[in-house]
Amino acid sequence: MNDAVALPSVRAAVAFQSTASEAGPAPKRIVVAYGFWIFLLSDVVMFSALFAAYAVLARATAGGPSGVELFNQVSVAVETACLLGSSYTCGLMSLSVQARNRVGTYCWAAVTAALGATFLGLELQEFAGMIARGAAPQRSAFLSAFFTLVGCHGLHVASGLVWLAVMMVQVALRGFLPSVTRRLTCFSLFWHALDIVWVWLFTIVYLLGVRA
Amino acid sequence: MTDTLYDRAPGETPGEREEGRSSGVLVYTVGLLGAVILTATSFWAANTSMLWGPGVALGLAVLAIAQMGVHLVFFLHITTGPDNTNNVLALAFGILIVSLVVIGSLWIMANLNDAMMPPAELMRMQR
């Protein structure tokens, strides 16, 4: 009966590890969020290709304007503050969703959308100003890469705003159904991931751009 | 064993079903403060003349990596716990591919630029 001595701890370890599989597949909430996490990572890989293209072409100005002449650090700082603030309020919104608090959800979603829209407005203003000064995407390889990279991030923010509006309609019409809260979880993952992409964007494009 | 040990979903707060709301707000606020400090440091470092110029680029990259860590931990709630292994492994794979794409592109294109004939010489050859 040598086995019996070692058995209790082994049995405990086996029980500890096998509970999840014995209970069947993970709940849909976990599977959906994990699947969306994989999508986000693939989206980040796409951004990495745009970042690589920008880094390679950053000095290819073809005699046109360079980043030092074009970038305005004050507006970049305001844009960064807007996006960071909206990421924070998006987190507070997901806490309200967890607490099944409708008013809190609407309020934080409204603040998140307002900050996101301010960010997008400032970015479009910046783009319009650059194009007006002759720094359009077709001017040089540097500007093509710049507009592709920053514009792609802006497009993500714009689609996030549309998604948030749709989610608020769903909360209003259907309440906090499991399907609705799953989508809200995915939205907050998306919004936080966009902020991480922006951290690299302002570091590589704007801060390193004005030094070069 | 009454508790079923599922993995934790990405973005799920640690004690989502047990703890109250205040701790969640605290986590997000700490994350916001950390991100604000790191961002402010980045903008200061890019504009100051107090630092040794060539080192600033490296410093900005380190600050960005630190801020990415703050966002992942405090906003996306990625932890090192055993229930988070799948999330961390997927993230690690993503970071591997991103660094391969970025570093590989820069490396190849720098070599290509070095090996390329200067434009002036190229013009002379065509004559």
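Which helices of chain A each supply at least two residues of the lining of the largest cavity? Keep that question in mind while you open this predicted model, and select α2 and α7 of chain A, since these are the two elements that answer it.

Next, select the cavity lining itself, which consists of A:L40, A:D43, A:V44, A:F47, A:H156, A:F190, A:A193, A:L194 and A:V197.

To centre the view, select A:F51, A:A55, A:W200, A:I204 and B:V102, which are the closest to the pocket's centre among the 45 residues that line it. Then show α2 (28-57), α3 (67-70) and α7 (178-211) of chain A, together with α2 (53-75) and α3 (85-115) of chain B, each of which supplies at least two residues of the lining of this pocket. Coloured by class, the pocket lining divides into 34 nonpolar, nine polar and two charged residues.

For the last stop, select B:Q67, which lies in helix α2 of chain B. Is this residue buried or exposed? B:Q67 counts as buried because its relative accessibility is 2%, where the cut-off for buried is under 20%. Leaving aside neighbours within four places in sequence, display the residues in contact with B:Q67, which are A:V199 and A:F202 from chain A and B:A35, B:L38 and B:T39 from chain B.

Note on methods
Residues are numbered from 1 along each chain as its sequence is written. Chains are lettered from A and ligands numbered from 1 in the order in which they are written. This is a predicted model: local features need pLDDT of at least 70, side-chain atom pairs count only at pLDDT 80 or more; totals for chains, interfaces and linings use all residues. Side-chain values use heavy atoms; hydrogens and water are left out. On a 1 Å grid over the protein atoms alone, a cavity is a set of points where a 1.4 Å probe fits but cannot get out, and a pocket is an open set with protein on both sides within 12 Å along at least five of seven lines; lining residues have an atom within 4 Å of a point. Helices (H or I, at least four residues) and strands (E, at least two) are DSSP runs, numbered from the N terminus. Ala, Val, Leu, Ile, Met, Phe, Trp, Tyr, Cys and Pro count as nonpolar, Asp, Glu, Lys and Arg as charged, and the others, Gly among them, as polar. Buried means under 20% relative accessible area, exposed over 50%, partly exposed in between (1.4 Å probe, protein chains only). Contact means heavy atoms within 4.5 Å.
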